[in-house]
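The sequence and structure come first, and the entries follow.

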Number of protein chains: 2
Amino acid sequence: MARRELELAGFGAYGPQVIDRLRWMTDVMRPVMADALAALPAPLDLRTLCAQAVEAGDECHNRNRAGTSLFIRELAPALLRVDAPSSDVAEVAQFLALSDYTFLNLSMPAAKVRADAAAGIDGSTIVTTMARNGTEFGIRVSGTGERWFTGPSQTIEGLYLPGYSREDANPDMGDSAITETVGLGGFALAAAPALGHYIGTSAEDAVRATLTMYEITCAESRHFRIPALGFRGAPLGIDVRKVVETGILPVIDTGIAHRQAGVGVIGGGIVRPPLKPFVEAVAELSRRDLAMS
Amino acid sequence: MARRELELAGFGAYGPQVIDRLRWMTDVMRPVMADALAALPAPLDLRTLCAQAVEAGDECHNRNRAGTSLFIRELAPALLRVDAPSSDVAEVAQFLALSDYTFLNLSMPAAKVRADAAAGIDGSTIVTTMARNGTEFGIRVSGTGERWFTGPSQTIEGLYLPGYSREDANPDMGDSAITETVGLGGFALAAAPALGHYIGTSAEDAVRATLTMYEITCAESRHFRIPALGFRGAPLGIDVRKVVETGILPVIDTGIAHRQAGVGVIGGGIVRPPLKPFVEAVAELSRRDLAMS
């Protein structure tokens with residue numbers, strides 16, 4: 001399976017190769033990975049892996065070359081101790097190593113767990129989820145619990161793979177913006193200048209994007225430190241009030257999906273959410289605040 | 001074997017553990033690695049791996065975390081296809097993954113091959129070797145062939161491991177400065193700000209070190225590109241004339257060896273060569289030039 005098809009598989013593609021690969025993941029890859037993880041001397045520390053990846057030029061959303069390599073380095077000795085047909089284990093190792101995006105499958109759930117830890121705190125104005133379904137962009141905020149605030153999915157500005165253009169693009173789609181929600185992705189873009197080759201930004205754009213995000217966040221990560229900014233912690237915790245006050249919207253770097261279901265990724269770029277959900281979240285938080293007092 | 005002992009093993013340590021490990025490398029590791037390399041779909045491209053490592057925060061001399069991880073990622077699928085006792089293969093994988101310095105064992109010979117390609121060109125003033133034996137620092141220059149120009153080994157400025165100090169340090173030692181000779185190491189320090197934790201430099205020091213090296217080199221690498229400098233190619237090809245004219249000496253980042261044989265590495269820092277060999281090389285080149293005309 002070619003590298004490109006692997007990447008397409010994640011974004012609405014459903015051809016026979018994709019379905020076969022999903023079955024293989026369930027039947028072959030899952031038990032091998034379960035055994036390998038059990039054979040590790042200690043559980044994988046995904047926060048540390050993300051921190052090392054950020055130190056090595058990743059932002060853990062669309063650039064995962066270091067993360068993927070660091071992960072395989074941790075796992076390889078354990079894979080070699082798995083008691084399964086060696087051809088199966090070799091195929092798993094091959095699959096993990098093939099795409100730089102392997103680590104995204106770990107950085108996203110790790111981000112989700114981290115964001116969830118901030119959820120459901122009375123009065124908190126911090127965003128705990130950002131997600132898009134290709135039609136709507138939605139956020140959830142700590143102080144308003146499970147409720148979604150939504151607005152229309154926006155157009156992504158970026159670069160297209162050969163043969164595709166803006167006319168083919170679907171509006172912003174996917175749940176990977178959970179990485180931006182915890183200070184990675186577009187928020188840590190200054191750490192990953194090489195991602196510009198894919199999304200059409202310069203190293204200066206990348207630094208500017210991260211610096212701007214400090215204006216709408218409440219903290220700096222103690223773990224994700226950006227070498228190009230003198231190891232300053234990544235901007236962490238989007239505050240809906242700051243977004244509304246400044247009019248600065250979160251920077252999300254993302255893949256561009258074809259508007260026709262089944263084609264998959266046709267490029268990458270930068271997108272901003274609509275302002276509407278942030279305004280509505282602030283209004284709801286104010287309403288609750290008044291009701292409490 | 002602990003990570004620290006592994007690193008010590010490279011720098012004059014000769015305890016029983018070191019000797020046992022060297023025997024193991026010959027008897028067990030060598031055949032496993034030979035089989036794994038033969039099983040790769042294509043030969044490993046060390047220049048590309050070095051280039052990717054530089055893009056990911058390494059300078060391929062004292063920071064090799066990305067290089068080591070990228071190398072293991074390339075090799076892991078092949079290791080799983082090796083026809084040897086699985087416990088041997090697992091031990092090899094464990095050993096490769098244990099130390100960030102694994103990749104130095106590849107970046108150094110790759111640098112040597114690259115430097116040798118520039119050797120023996122009549123009239124060329126480019127340095128093709130820099131090496132130190134703890135007493136003397138020597139260079140060889142393209143236009144003067146095999147001849148060594150030497151001066152006294154210098155003191156390294158840097159950080160010490162707990163329990164050691166300047167009094168314990170041997171003057172500059174080792175052949176790893178071949179990395180600086182081809183634009184890596186101290187010359188690419190701007191790419192590896194995190195190395196400062198080991199050698200006692202800031203991110204700004206690292207950028208400054210690399211920028212200064214452009215003043216004594218003849219080219220910029222087309223392969224090793226430094227993200228923090230807007231992907232400018234690393235300073236490549238030390239010109240002995242420029243060293244003498246400017247008085248700027250090459251920046252070498254390096255480990256500090258204990259002055260007592262057998263102890264090994266006790267710290268890391270920055271060292272500069274003595275000026276004398278560069279002056280003598282220029283004099284010899286001038287003499288040859290006159291003899292030719």
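How many salt bridges does the structure hold over all chains? I find 32 salt bridges over all chains, a salt bridge being a side-chain nitrogen of Lys or Arg within 4 Å of a carboxyl oxygen of Asp or Glu.

Before going further I note that this is a predicted model, in which local features need pLDDT of at least 70 and side-chain atom pairs count only at pLDDT 80 or more, while totals for chains, interfaces and linings use all residues. Residues are numbered from 1 along each chain as its sequence is written, chains are lettered from A and ligands numbered from 1 in the order in which they are written, and side-chain values use heavy atoms, with hydrogens and water left out.

Entry on salt bridges. I looked up Glu284(A) and found its side chain in a salt bridge with that of Arg288(A), at 2.9 Å from N to O. Both residues lie in helix α11 (residues 276-292) of chain A, 4 residues apart, about one turn of the helix; helices (H or I, at least four residues) and strands (E, at least two) are DSSP runs, numbered from the N terminus. Glu284(A) is buried with a relative accessible area of 8%, whereas Arg288(A) is partly exposed at 33%; here buried means under 20% relative accessible area, exposed over 50%, and partly exposed in between (1.4 Å probe, protein chains only). Arg63(A) and Asp58(A) also meet in a salt bridge, at 3.8 Å from N to O, and both of these residues are buried.

Asp172(B) lies in the loop between β4 (157-160) and β5 of chain B and Arg132(B) in strand β1 of chain B, so the pair ties together parts that are 40 residues apart in sequence. Asp172(B) and Arg132(B) are both buried. I also traced one network of salt bridges that share partners, joining Glu55(A), Arg73(A), Asp58(B), Arg63(B), Arg65(B) and Asp100(B).

Strand β1 (residues 127-133) of chain B is largely enclosed by the rest of the structure, because 6 of its 7 residues are buried. I find 5 bridges joining β1(B) to the antiparallel strand β2 (residues 136-141) of chain B, and 2 bridges joining β1(B) to β5 (residues 173-174) of chain B, also antiparallel; two strands pair if DSSP finds at least two bridges between them. Arg132(B) stands opposite Phe137(B) in β2(B), and its bridge partner in β5(B) is Gly174(B). The hairpin of β1(B) and β2(B) has 2 residues between the strands, and Gly134(B) in the turn has a positive phi of about 90°. The open sheet has 4 strands in the order β3-β2-β1-β5 (chain B), with antiparallel pairing. In chain B, β3 (149-152) and β5 stand at the edges with a single partner strand each, so one side of each is left without a neighbour in the sheet.

Entry on rings. Searching the whole structure, I find 2 aromatic pairs over all chains, counting rings of Phe, Tyr and Trp (its six-membered ring) with centres within 6.5 Å, where planes under 30 degrees apart are stacked, over 60 edge-to-face and the rest tilted. Trp24(A) and Phe95(A) form an edge-to-face pair, 5.2 Å centre to centre with 65° between the planes. This pair links helix α2 (residues 16-39) of chain A, which holds Trp24(A), to helix α5 (residues 86-98) of chain A, which holds Phe95(A), the two residues being 71 residues apart.
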